[in-house]
Amino acid sequence: MQSEYTSGFYKPHKPSRVTIAQAPGAASDDGYGANSMAIRDPSAGPRTAFVLSGGGNLAVSQVGMLRALVERGILPDVIVGTSAGALNGAVLATEPTLDGVERLTDVWCSLRAGEVFPGGRLTRAWTVLSRDDHLFSNEGLQAIIDRANPAPSFDQTVLPLRVVATDLHSGEEVVFAAGPIAPALLASAALPGIYPPVEHDGRTLIDGAVTNSVPMSHVMTDGIERVYVMNVAGGGPADQPIRSPLGVAVRAFNISRNQRFDLELRNTPEHVDVIVLPRPDDDRELLDFSDALMLTIEAHALAAKFLDAGPSIMARRPVKRRWWQRRSRVA
């Protein structure tokens, strides 16, 4: 049964089937590379992480959440993202300002289904008949990454960034923390069967959400004390009609990753505050990129209200605990 809550807990360990991909000579004590954590003033407050889930077109809501955080001067020591959330995280890591958030807004508002999923029905039918391994070219995704203009490499971001992908052959969860950013983002968003696998770093890679849609585990080893989770994975209500075979596949995918997230939430160590920001209802289908601006505005309003109530919530808590929030809609 799918949980109606959107926040939680996680166990602080690196999963046994995780590979940390990094450039030669970039190793550090935490295993994630020289740019693993930002250099910071120890008196600057709790060590903070942003976690951005996958979610395809639903990830537009993360832009409104990021705006609310940046407006309040809340910036992370590290950002980790999967799939579309990795793209949002990469732009913020490159330019952690309201200008960076505005650039993300422009990118999302410019998206059209024909760019993200190029080719008509005849093209897709021929792809299936020719026994190819995907339905759509990833040229549109590459163009979107180029337009978002993240830093060329991980060591050129202002804030440390990690991008999660999946090794198609070994099934390992692969975390990129060094090297070029664009191919890592392309691999992280390579939804299996929809886009072609990406050859990068000697691996055949697919969407990171296959193994970890909400990659909280990768911020639990750096002395992190507070985690802001922007989880938009899972789509609309469970009783939403399914209108296509693709819809069946996406729903099944969502069930699996929601169960993993709920498990991680239940096992988060007590000393870590996990703050899962509320998201607007979004019942659009996978190919629908309409109403992007409206959804960013709704997500911003929900996140701003929730964050502004935060100090009073914290003051009432005798020990560090989780913050959770039911799914909500802005009137």
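Helix packing

A: Helix H3 (residues 98-110) packs against helix H6 (residues 139-148) at an angle of about 155°, with the axes 10 Å apart. Axes here are lines fitted to C-alpha atoms, for helices over the stretch in contact, and angles run from 0 to 180 degrees between N-to-C directions. That makes H3 roughly antiparallel to H6; angles over 145 degrees count as roughly antiparallel, under 35 as roughly parallel, 65 to 115 as roughly perpendicular and the rest as oblique. One caution: this is a predicted model, where local features need pLDDT of at least 70, side-chain atom pairs count only at pLDDT 80 or more, and totals for chains, interfaces and linings use all residues. Residues are numbered from 1 along each chain as its sequence is written, and side-chain values use heavy atoms, with hydrogens and water left out.

Q: Which residues in H3 and H6 meet?
A: Arg103, Val107 and Ser110 in H3 meet Ile144, Arg147 and Ala148 in H6. Contact means heavy atoms within 4.5 Å. By class, that's three nonpolar, one polar and two charged residues (nonpolar is Ala, Val, Leu, Ile, Met, Phe, Trp, Tyr, Cys and Pro; charged is Asp, Glu, Lys and Arg; the others, Gly among them, are polar).

Q: And how do H1 and H9 cross?
A: The axes of helix H1 (residues 60-71) and helix H9 (residues 292-308) come within 7 Å and cross at roughly 40°. That makes H1 oblique to H9. On the H1 side, the contact includes Val60, Val63, Met65 and Leu69; on the H9 side, Leu295, Ala299, His300 and Leu307 are among the residues involved. By class, the contact of H1 with H9 has eleven nonpolar, four polar and two charged residues.

Q: Switching to burial: how many residues of H7 are buried?
A: Six of the eight residues of H7 (residues 181-188) are buried, so this helix is largely enclosed by the rest of the structure. Buried means under 20% relative accessible area, exposed is over 50%, and partly exposed is in between (1.4 Å probe, protein chains only). The buried ones are Ile181, Ala184, Leu185, Leu186, Ala187 and Ser188.

Q: What about Asp207, buried or exposed?
A: Buried, with Asp207 at a relative accessible area of 3%. Asp207 lies in strand E7 (residues 203-207). Leaving aside neighbours within four places in sequence, Asp207 is in contact with Ala187 and Ser188, among others, and the list also includes Thr82, Ser83 and Thr166.

Q: Where is Gly140?
A: Gly140 is in helix H6, and at 8% relative accessibility Gly140 counts as buried.

Q: Zooming out, what does the chain's secondary structure come to?
A: Ten helices and nine strands. Those are DSSP runs numbered from the N terminus: helices are H or I with at least four residues, strands are E with at least two. Of the 331 residues in the chain, 54% are buried.

Q: What's the mean pLDDT?
A: The mean is 78, and 70% of the residues reach 70 or more; pLDDT is the predictor's confidence in each residue, from 0 to 100. Over residues 1-17 the pLDDT is below 50, and that stretch has 58 contacts in the model beyond near neighbours in sequence. Residues 124-129 also stay under 50, with seven contacts beyond four places in sequence.
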